[in-house]
Amino acid sequence: MADLDNSGGGDNGLGSIFDAAMREVTKQENTPRVQARFYPYAGLSSTIRLRNGRVYARVSDVLSESPPNVLFALACILVAKLYRVKTRKEHERVYHEYATSPLVLDATETTRRNRGYKILTSPLGRTCNLEEAFAELNERYFGGALKRPVLSWSQGRTRRVLGHHDHVHDTITISQTLDSPRVPRFVVEYVLYHEMLHIKHSPRAVGGRTIYHGREFRDDERRFERFDEALKFLEQIASPVRKRRRRRGRVV
Ligand SMILES: [Zn+2]
């Protein structure tokens, strides 16, 4: 865990990056000294505050390996916040582009997990352990060939999106709406099975569009034993709160 304290500035560390950002944003030479350090925040947060004429900055240590120009952009954004001046678009762009790149997103998620950040989601659920269900379906339909992704019940209840596979982060999330004694096990299994098919059939780009549910996908989907029954059930629970348009729960 990086925990660099560059309070003295004068070297090429975080402290001098912030000193430079102070000069850039305030357009002054004599600025308060910055005590800047990487800090083991759970996520990608960074903070800045002014106290007794000194500026204290803490930057998420997820960013400790990031290039100097990214740290400088972030420092400028934080200093601009502190002085309530507008952030330059260029800094926002540089920082945002880096912070949202898949690698950094993964690192953020991993540190969250490793630090025991309170993640409310879990594969356990009240009615069905998704990891068990995954293992069973994997045997039954895929000959055990699928690598298990991170499985979790969603935190919120969503009736519109009942399941989701994220192939960048290798996660399958199933809506908490289905974690109920009123929902038969085979229905949960069907939604999970659908998401598992997304692991088998990765999305294809065809003429500027991305095909998620191609022909092979749909054919495989019908191999689920109680396919029609499951669909019927899902249509019921996704039934509209508002009347006019009939909404179907989406399994994406
Ligand atoms: Zn889908």
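This dialogue goes through several features of a predicted model.

Me: How many helices and strands are there in the chain?

Reply: The predicted model has 8 helices and 9 strands in the chain. Of the 252 residues, buried ones make up 40%. The accessible surface of the chain comes to about 15,000 Å², and 49% of that belongs to carbon and sulfur atoms.

Me: What share of the contacts between residues at least 6 apart in sequence join residues at least 24 apart?

Reply: In this chain the share is 55%.

Me: Where is Ala-75 placed, and is Ala-75 buried or exposed?

Reply: Ala-75 belongs to helix H2, residues 68–82. Its relative accessible area is 0%, so Ala-75 is buried. Leaving aside neighbours within four places in sequence, Ala-75 is in contact with Ile-17, Phe-18 and Ala-21.

Me: Now the metal site. Which residues coordinate the zinc ion?

Reply: Start from the donor atoms. Here the zinc ion is coordinated by the NE2 atoms of His-194, His-198 and His-213, at 2.0 to 2.1 Å. Water is not among the atoms, so sites may look incomplete.

Me: What spacing do the donors of the zinc ion follow along the chain?

Reply: The spacing is H-x3-H-x14-H. The pair His-194 and His-213, 19 residues apart, links distant parts of the chain. His-194 is in helix H6 (residues 185–200), whereas His-213 is in the loop between strand S8 (209–211) and helix H7 (215–221).

Me: Is His-194 buried or exposed, and how does His-213 count?

Reply: The cut-off for buried is under 20% relative accessible area. With a value of 1%, His-194 is buried. His-213 has 28% relative accessibility and therefore counts as partly exposed.

Me: What does Asp-220 touch, and where does Asp-220 lie?

Reply: Asp-220 lies in helix H7. Not counting residues up to four places away in sequence, Asp-220 touches Tyr-193, Leu-197, Lys-200 and His-201. Its relative accessibility is 10%, so Asp-220 counts as buried.

Me: Which residues of H5 are buried, and what do they pack against?

Reply: The buried residues of H5 are Leu-130, Ala-133, Phe-134, Leu-137, Asn-138, Tyr-141 and Phe-142. They are on the same side of H5, because they cover an arc of only 135 degrees around the axis. The buried residues of H5 pack against S4, S6 and H6.

Me: What does His-91 touch?

Reply: Not counting residues up to four places away in sequence, His-91 touches Glu-24, Phe-72, Ala-73, Cys-76 and Ile-77. The relative accessible area of His-91 is 8%, so this residue of helix H3 is buried.

Me: Cys-76 is on that list of residues touched by His-91. How many disulfides does a search of the whole structure find?

Reply: The search of the whole structure finds 0 disulfides. Cys-76 has 2% relative accessibility and so counts as buried. Cys-128, at 3% relative accessibility, counts as buried too.

Conventions: Residues numbered from 1 in each chain as written. Predicted model: local features only at pLDDT ≥ 70, side-chain atom pairs only at ≥ 80, totals over all residues. Heavy atoms only, no water. Donors = N, O, S within 2.8 Å, 3.2 Å for Na, K, Ca; no water. Helix = DSSP H or I, 4+ residues; strand = E, 2+ residues; numbered from the N terminus. Buried < 20%, exposed > 50% of the residue type's maximum accessible area, 1.4 Å probe, protein only. Disulfide = S-S within 2.5 Å. Contact = heavy atoms within 4.5 Å. Areas by Shrake-Rupley, 256 points an atom, 1.4 Å probe, with all protein chains shown as cover. Arc of directions from axis to C-beta.
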